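Biologist: Please take a close look at a single part of this structure. Once that part has been described, kindly set it in its wider surroundings.

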Amino acid sequence: MAETVKGFKLEPKQLRIYGLVGSVVGIYLAYILNSVTGTNIFSFVGALAALFGVVMGANAVRRVCAYGIGTGVPSIGMLSLGMGVVAVLFGLSIAEQLGIGLLGVIIALVYSLIFGYVVGLIANRVMGFNIPVMEEGLTDLSGAGTLAILGWSFAISGSLGYADIVHSVINTGFLAIIFICGGLAILHPFNANLGPDEKQDRTLVNGVMVGGMSTIATGICALMTLGLAAGMVQIVVGFAVWYYFFVWYFRLAKRDASAVVGTGLLPPTVQ
Amino acid sequence: MNFDANTIIYLLEIIIGGLLVGVGVHFVPVGGAPAAMAQATGIGTGTVQLAAGSGLTGLLSAGLMMHAMSLSPTFAQDGYSIWPILLTGAVGAMIMMDATMLTGSWIYAYAVGAPFASAKVNYDPITMFSQPPYVAPGTVGQGIPTICFVSGTIGAAMGGIGGAMIYFPLVLINHNPAMSAVFAIGIFFVDAVLASWNIQGTIEGFHDPKFKKWPKAFKACLVSTAILALVAVLITPLVGGV
């Protein structure tokens, strides 16, 4: 393996800051770009913002699940999105009622972080898990689920208004796609890479890769809600993200493999 | 948002629904990956998938019942009645779970060729058949014995009633079936995952020693659903209808 592949190692705190700040700033940036230019072409920035949250969530999954939770990794991803969907609906709805529509993102995020911490406390104290990073991990996961749903919802609706998101994401049922694709982006990386040689960079690169595929899916949804241009931009961006990170992931997988051998062509059939 | 007696009733309904889901999960014979390889008793998939499946079918059938009620000529005076809705939710979830267990059993019996046996009890409490001779060495039972089938049906009924009990008040609060269903699914997943963590992924049914741990899940689901329910009743309908 003469080829050197770019790897990285990030502390959970660093990743949390990148995830929270990157995602929130990204969602607001997408909103500002959309409203300044008066189009919905920049909705794809919301999908890119969701990727920051996904990376934070994927890292939390690998920290918590490394202890073994007994039910398989998918359960924690579904929990994350379950907490997220409630927080998003609540945040957007309450902000609309109070007349501070734009702060819905912050309200949803704060509620989800608190709720995630409470669920972590319950898991440790009531269920007796005794996983030291449980509270921290579930706080991250809950926030990640919320940001993923918010980002991809923005990518489909092109707006942060409660009414718009209800009309174009919830009433159409596209939320189910966000739920499963977002869940996959958060839970799949660790599920696919777990084992004694699990490496942080390989897992997180895999997370972004799946996030790119989810962006393609939301792009197809956006074709219907936002029109051809915004949808196509999103599909192309999603494909670019997927391709770049797939190649990177492939090289990381080769780096971590003990040997890569070619098997050649299939032997000719003996008659 | 006005807080009145009705709001408190809605709050209680959602909390009870969440508790039913949390306890109902303990009845469902979840085998996880070992059961998929016929090395453990139960259905060969995870708790969350089963809970989600039965909960969603419960929501769907409850929604159908609500729609059927609204077609009644006397709907304007009568309004919704909660009991048929809960019952339909339970029946929908039971049909889903029983269909899963039945078709799963065909595969275990005719494709894998494993005799159904439970490793947790010596005699099936319902059929009184002896179990240990049929448990293959190195496994913890195979297939879905009668007791697990009955237990799973009870669990699905509880999950379906729970799902309908979360969905019904939410529709009355926000008048938007899609949003209520999404919200109910969120609450459903939280409770189902907490309960499945409590049983550590696998359980055979109410005869399993792990079933005695249900008070822990009850407490956990009570706290988490209470926090979610408080938020759920604050959501208001959109201005200008759905």
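Modeller: A salt bridge joins the side chains of A:D256 and A:R202, with an N to O distance of 2.7 Å; the term stands for a side-chain nitrogen of Lys or Arg within 4 Å of a carboxyl oxygen of Asp or Glu. This pair links distant parts of the chain, since A:D256 lies in helix α9 and A:R202 in helix α8 of chain A, 54 residues apart. The structure is a predicted model, in which local features need pLDDT of at least 70 and side-chain atom pairs count only at pLDDT 80 or more, while totals for chains, interfaces and linings use all residues. Residues are numbered from 1 along each chain as its sequence is written, chains are lettered from A and ligands numbered from 1 in the order in which they are written, and side-chain values use heavy atoms, leaving out hydrogens and water.

A:D256 and A:R202 are both buried, a word that denotes under 20% relative accessible area, with exposed meaning over 50% and partly exposed the range in between (1.4 Å probe, protein chains only). A:D256 counts as buried because its relative accessible area is 17%. A:D256 also meets A:R255 in a salt bridge, at 2.8 Å from N to O.

A:R255 in turn forms a salt bridge with A:D201, whose closest N and O atoms are 3.0 Å apart. Helices are DSSP runs (H or I, at least four residues), as are strands (E, at least two), numbered from the N terminus. A:R255 is partly exposed because its relative accessibility is 29%, whereas A:D201, at 6%, is buried. Together with A:D197 and A:K199, the residues A:D201, A:R202, A:R255 and A:D256 are linked in a network of salt bridges. Over all chains, the rule gives ten salt bridges.

Across the interface of chain B and chain A, by contrast, the rule finds zero salt bridges. There, four residue pairs are in polar contact, both residues at pLDDT 80 or more; such a contact is a pair of N or O atoms within 3.5 Å, where within protein one must be able to donate a hydrogen and the other to accept it, and residues adjacent in sequence count only if both atoms are side-chain atoms. On the side of chain B that touches chain A, the elements giving two or more residues are α3 (47-70), α7 (177-198) and α8 (214-232) of chain B. The largest share, 13 residues, comes from α7(B). In all, 33 residues of chain B are in contact with 36 residues of chain A, contact meaning heavy atoms within 4.5 Å. The two chains bury about 2900 Å² between them, 82% of it from carbon and sulfur atoms; buried area is the accessible area (1.4 Å probe) that two parts lose on being put together, summed over both.

A:I94, in helix α3 (residues 73-98) of chain A, is in contact with A:I107 and B:L234, neighbours within four places in sequence being left aside. A:I94 is buried, its relative accessible area being 14%.
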